[in-house]
Amino acid sequence: MGKRQVLVTGGAGYIGAHTAVELHAAGYEVIIADNFSNSSPGVLEGIERITGVKPVFHRIDCADRSQMVTLFKEYPGIEAVIHFAAFKSVGESVLNPLAYYRNNLLSMINLLGEMSVRERGGCIVFSSSCTVYGQPAPEHLPVSEEAPLQVAASPYGRTKQICEDILSDTVKASEGKLKAISLRYFNPVGAHPSAYIGELPGGVPQNLLPFVTQTAAGLRECLNIFGSDYNTPDGTCIRDYIYVCDLAKAHIKALERMTSVASGTGENMEYFNLGTGKGLSVMEVVKGFVAATGVDVPYKITGRRAGDVEQVWADPSKANRELGWRADTPMDQVYRSAWEWEKRIRNL
Ligand code: UFG
């Protein structure tokens, strides 16, 4: 029997690439579809250096229906799809909402269009976000899957909510041909231990850890900490930072849950929160990074960033229990992996 084929849309992106590596290690044949809108061919080289195998790659835009049709014609054996391909900048989505609706929704619609016309159906893992919960009420912290969804704070967040709805309606209508799992990520950080793949934001980093590593590398003068007057122990915002390799492994568990005959327990569409279960403040992250790497990170406290939620962290017990998965890499190791990656790409 040949290897089981898994299509990874957005597989040249940050989480997609780490997941492609884990899929390879788990014995799957990986087919990557990506248009490099927020990545580059160098990522594929990184994957190849780690796995020793050049990933099968198609440069396609998932929002373009004809390209998706052609891809599925070429690979009728695709058993499952992990769907990462999407725009992901909160700020950019506020400035250019149509680009977000067009890209993120059309990709999902085109993918499901192809999956649902196939006789064999298939399984889909969707890359969702804890942003669907907004700022949970204190009684909903840590956030379980039972917490109510809230009106999204940005078009980006709304695309995640709408995509989950599109997915669940389509799964329902497929009468058992399609199965799906939506993974709601908290804050993915760090890089592969080889330092061959990692997070590489274009322009000024919007997310905390890339800004920290770039400041440590001397590319940025100083980290701005957005607000120290929140209602948290040290006044800075709290998030659940999850190591990207731990996160990548959860995708394999999700696939196994849907494809293994033995499991058969889950609903056809399920949701899992992926986090560590522990919240860290911005200040704790900065101090933790400095302690783990021994590198200084100059910072100053500035005003709050519009749209930031004060504190959110996961109750990952459903994923721990049902997927048999846990994010347990110690944070000092995570910080060092991010720093090793930054050093490698900057030739430090
Ligand atoms: N922060 C700073 N300085 C920076 C960057 C970030 O102080 O230069 C702070 C933010 O204010 C926030 C924390 O660091 O308190 C984390 O910020 P990130 O931008 O790294 O992460 P967010 O939690 O804002 O956003 C992430 C994902 C989004 C997702 C969102 C859901 O990037 O895709 O979680 O909450 F929508």
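Reader: Where is Thr232 found in this model?

Author: In this predicted model, Thr232 is found in the loop between β8 (223-226) and β9 (238-239).

Reader: Why is Thr232 called buried?

Author: Its relative accessibility is 12%. Buried means under 20%, so Thr232 at 12% counts as buried.

Reader: What makes the pair Thr232 and Thr236 a polar contact?

Author: A polar atom of the Thr232 side chain lies 2.7 Å from the backbone oxygen of Thr236. The limit for a pair of N or O atoms is 3.5 Å, and therefore a distance of 2.7 Å falls within it.

Reader: Which residues does Thr232 touch, leaving aside those up to four places away in sequence?

Author: Thr232 touches Ile238, Glu310 and Gln311. Contact here means heavy atoms within 4.5 Å.

Reader: What is the order of the strands in the open sheet of seven strands?

Author: The order is β3-β2-β1-β4-β5-β6-β11, and the pairing is parallel.

Reader: Why are β3 and β11 called edge strands?

Author: Strands β3 (56-59) and β11 (269-274) each pair on one side only.

Reader: How do you know that β5 and β6 pair?

Author: Eight bridges join β5 (residues 122-129) to β6 (residues 178-185), and the two strands run parallel. Pairing requires at least two bridges, so eight bridges meet the criterion. Within β6, Leu183 stands opposite Ser127.

Reader: Which strands of the sheet does helix α6 touch?

Author: Helix α6 (residues 155-173) packs on the sheet and touches β5, β6 and β11. The direction of α6 makes about 160 degrees with that of β5.

Terms used:
Residues numbered from 1 in each chain as written. Predicted model: local features only at pLDDT ≥ 70, side-chain atom pairs only at ≥ 80, totals over all residues. Heavy atoms only, no water. Helix = DSSP H or I, 4+ residues; strand = E, 2+ residues; numbered from the N terminus. Buried < 20%, exposed > 50% of the residue type's maximum accessible area, 1.4 Å probe, protein only. Polar contact = N/O pair within 3.5 Å; in protein donor to acceptor, adjacent residues only side chain to side chain. Axes fitted to C-alpha atoms, helices over the stretch in contact; angles between N-to-C directions.
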